[in-house]
Amino acid sequence: MKVKIKMYGNFWERPLNDLDQEEWEALCDSCGLCCLHKVEDEDTGIVYLTKLACKLLDLNQCSCSNYATRHKYVTDCIKLNIDDLAVINWLPKSCAYVRRFNGLDLPEWHYLISKDKELVHKLGISLQGKMLPEQLYDPKKQSLQDFIVEHPSYANPPK
């Protein structure tokens, strides 16, 4: 699917603090990682990813099916901001927010560069086909730890 960018110029090259909300949101490459359930080790603070996706995540497109009102249905859904980027350690190195925060350019496969929103999926960078819907989780029979991904295939995505 070819994407038409409404914003002007290479807005993504500007400092993150200079982006408006629409430009900030446009940085998302739809990898799906933000929408995975996570488990934090209380002793070490290490955050482990599970393969369970939020109930609102469209598993095919790796994007929220109800983004505008997601907090109404998922109260602990994060609203990623610049301050979070300094402390969140579970975002992939390929994440546009992480890359721009660290002064790096967007990768060639990012849809803002390639103009192809599907490329992130075609190249296997997204979690498309690697996640399970949260509805498969039964807290009476299972623990979130049962779904931890020890060595996720997305740990070292292409640059």
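This is a predicted model: local features need pLDDT of at least 70, side-chain atom pairs count only at pLDDT 80 or more; totals for chains, interfaces and linings use all residues.
Local features are reported at pLDDT of at least 70 and side-chain atom pairs only at pLDDT 80 or more, while totals for chains, interfaces and linings use all residues. Residues are numbered from 1 along each chain as its sequence is written, and side-chain values use heavy atoms, with hydrogens and water left out.

Helices (H or I, at least four residues) and strands (E, at least two) are DSSP runs numbered from the N terminus, and two strands pair if DSSP finds at least two bridges between them. Three strands form an open sheet in the order 1-2-5, with mixed pairing. Strand 1 (36-40) and strand 5 (132-133) are the edge strands; each has a single partner, so one side of each lacks a neighbour in the sheet. Strand 1 runs antiparallel to strand 2 (residues 47-53), and four bridges join the two. Across this pair, L36 faces A53 of strand 2.

Next comes the interior. A nonpolar core is a set of buried Ala, Val, Leu, Ile, Met, Phe, Trp, Tyr and Cys residues joined through side-chain atoms within 4.5 Å; buried means under 20% relative accessible area, exposed over 50%, and partly exposed in between (1.4 Å probe, protein chains only). The largest such core has 28 residues, among which L27 and L85 touch the most other members. Two or more residues each come from helix 1 (21-26), strand 2, helix 4 (96-101) and helix 5 (111-114). Helix 4 gives the largest share, three residues.

Two salt bridges are present, each defined as a side-chain nitrogen of Lys or Arg within 4 Å of a carboxyl oxygen of Asp or Glu. In one, the closest N and O atoms of R14 and E23 are 2.6 Å apart. R14 is partly exposed at 30% relative accessibility, whereas E23 is buried at 8%. In the other, K122 and D116 bring their closest N and O atoms to 3.0 Å. Here K122 is exposed, with a relative accessible area of 58%, and D116 is buried at 11% relative accessibility.
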